[in-house]
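Thank you all for coming; I would like to take you through one model this morning. Please have a look at the display first, and then we can go through it together.

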Amino acid sequence: MPLVPLRSVLDHAAENNYGVAAFNVNNMEQIQAIMEAAKETDSPVIVQASRGARSYSQDNYLRHLMLAAAELYPEIPVVMHQDHGNSPETCFSAIKYGFTSVMMDGSLMEDAKTPASFDYNVKVTADVVKAAHAKGVSVEGEIGCLGSIDHAPAKDHGPVDAELAGEPGERHSHDADLEQEPEPEGAMSHLTDPDEAERFVAATGVDALAVAIGTSHGAYKFKKKPTGEVLKMSLIEEIHRRLPNTHLVMHGSSSVPEELQDIIRKFGGKMGETYGVPVEEIQRGIKHGVRKINVDTDCRMAMTGAIRKVFAETPDKFDPREYLKPAREAMKKICLARMISFGQAGNASKLMASGRLK
Ligand code: G3H
Ligand code: 13P
Ligand code: ZN
């Protein structure tokens, strides 16, 4: 079946009270891992590519990989989503390349760093909604800013955080500012304001709304298992009360499992002590309108741990398939687990039968 819009999948998820993981991809093995997990669990799929992923893989490769996935798994509805579009132009070029859903992240300016005004956010998002809807493409907007772009004064987190929270690939190096001992005012002022959320949805007509509730991108989210003080699930409940018909999106939702941290450390990787978003908290969100859950870091960790293991245990190997196969298998395990926990498992066939997908 051709790639499908996000809206159809999330409408079905809302009607049937489940959430759908949105996994980030940059290459073929990651797409294969997701598709195999989806086949095994009968899950609808959201595959997303960041701007970085698009430039790493190039749009033509990505598009054809996604078309191959749709062709090889006709029984699985697949959404191809632009993650964190930084401008209308980025969203329009994604649409040109066949993405069926785009995120216009107007919570930040085009530099993807500077917090934007409410009016700017409404303007760019409404422009994208107008153009995207005319082509049957769905739009996710964001109100409030994730921890990673929190501009609270930088804190000295000591040698471990300073060294590890800024590892290459962890572009969100000051995520740590949102942890258990933050400057509460600075760190929390960027969270979604429910009043603004209501006005934003009314003014833009977005299909899905990303909200900031204290999560951040990357592996370094929390220093202890998060409490309601730093992971504001209560805010999700409030926003859902006010916007019961809006599909909510949780970014920065990797759980950063201890087992994966241990594997990475055991085979020579460096990771400071860290905690992610517990799966039970996401399940609580799903009961209150969360329909799309963004997961990238857990998949990265799973693949990296598996590759490190092969390198450490069999240093004589040099055929990329020898380490990419276990990496793909490890990512598949994470995808399977999330698809089951979020409740999307068992819903691909139901969605196909629902008549929602033309
Ligand atoms: O936005 C967060 C995702 O983890 C994508 O990360 O920009 O490094 O591809 P990236
Ligand atoms: P994680 O870094 O927690 O996996 O979040 C990914 C994300 O939000 C992509 O938009
Ligand atoms: Zn994100």
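How do the residues of the shell around ligand 1 divide into nonpolar, polar and charged? The residues of that shell divide into 1 nonpolar, 5 polar and 3 charged, where Ala, Val, Leu, Ile, Met, Phe, Trp, Tyr, Cys and Pro count as nonpolar, Asp, Glu, Lys and Arg as charged, and the others, Gly among them, as polar.

Before I go on, a word on provenance. This is a predicted model, in which local features need pLDDT of at least 70 and side-chain atom pairs count only at pLDDT 80 or more, while totals for chains, interfaces and linings use all residues. Residues are numbered from 1 along each chain as its sequence is written, and chains are lettered from A and ligands numbered from 1 in the order in which they are written.

Back to the ligands, then. Ligand 1 is surrounded by 9 residues, and the closest are Ser 50, Gly 52, Ala 53, His 217 and Asp 296, a residue being near a molecule if its C-beta atom, placed from the backbone, lies within 6 Å of it. Two or more residues of this shell come from each of α3 (51-57) and β3; helices (H or I, at least four residues) and strands (E, at least two) are DSSP runs, numbered from the N terminus. Around ligand 2 there are 13 residues, of which His 251, Ser 254, Asn 294, Asp 296 and Thr 297 come nearest. That shell has 1 nonpolar, 10 polar and 2 charged residues, and β3 (78-85) and β8 (290-295) each supply at least two of its residues.

Let me turn to the fold as a whole. The protein has 15 helices and 8 strands, and buried residues make up 51% of its 358 residues, where buried means that 20 or more other C-beta atoms, placed from the backbone, lie within 10 Å of the residue's own.

Next, the strands. Strand β6 (residues 208-211) pairs with β7 in the parallel sense over 4 bridges, pairing being assigned if DSSP finds at least two bridges between two strands, and Ala 210 has Val 249 of β7 as its bridge partner. On its other pairing, β7 runs parallel to β8 and is joined to it by 3 bridges, with Ile 293 in β8 as the bridge partner of Met 250. Within β7 (residues 247-250), His 247 and Val 249 point one way and Leu 248 and Met 250 the other, and all are buried.

Finally, a single residue. Why does Val 139 count as buried? Val 139 does so because it has 27 C-beta neighbours inside 10 Å. Val 139 is placed in strand β5 (residues 138-143), and, leaving aside neighbours within four places in sequence, its contacts (C-beta atoms, placed from the backbone, within 7 Å) include Val 102, Met 104 and Val 206. Asp 105 is 34 residues from Val 139 in sequence, and their C-alpha atoms are 10.0 Å apart in space.

Methods
Buried ≥ 20, exposed ≤ 12 C-beta atoms within 10 Å, placed from the backbone. Contact = placed C-beta atoms within 7 Å.
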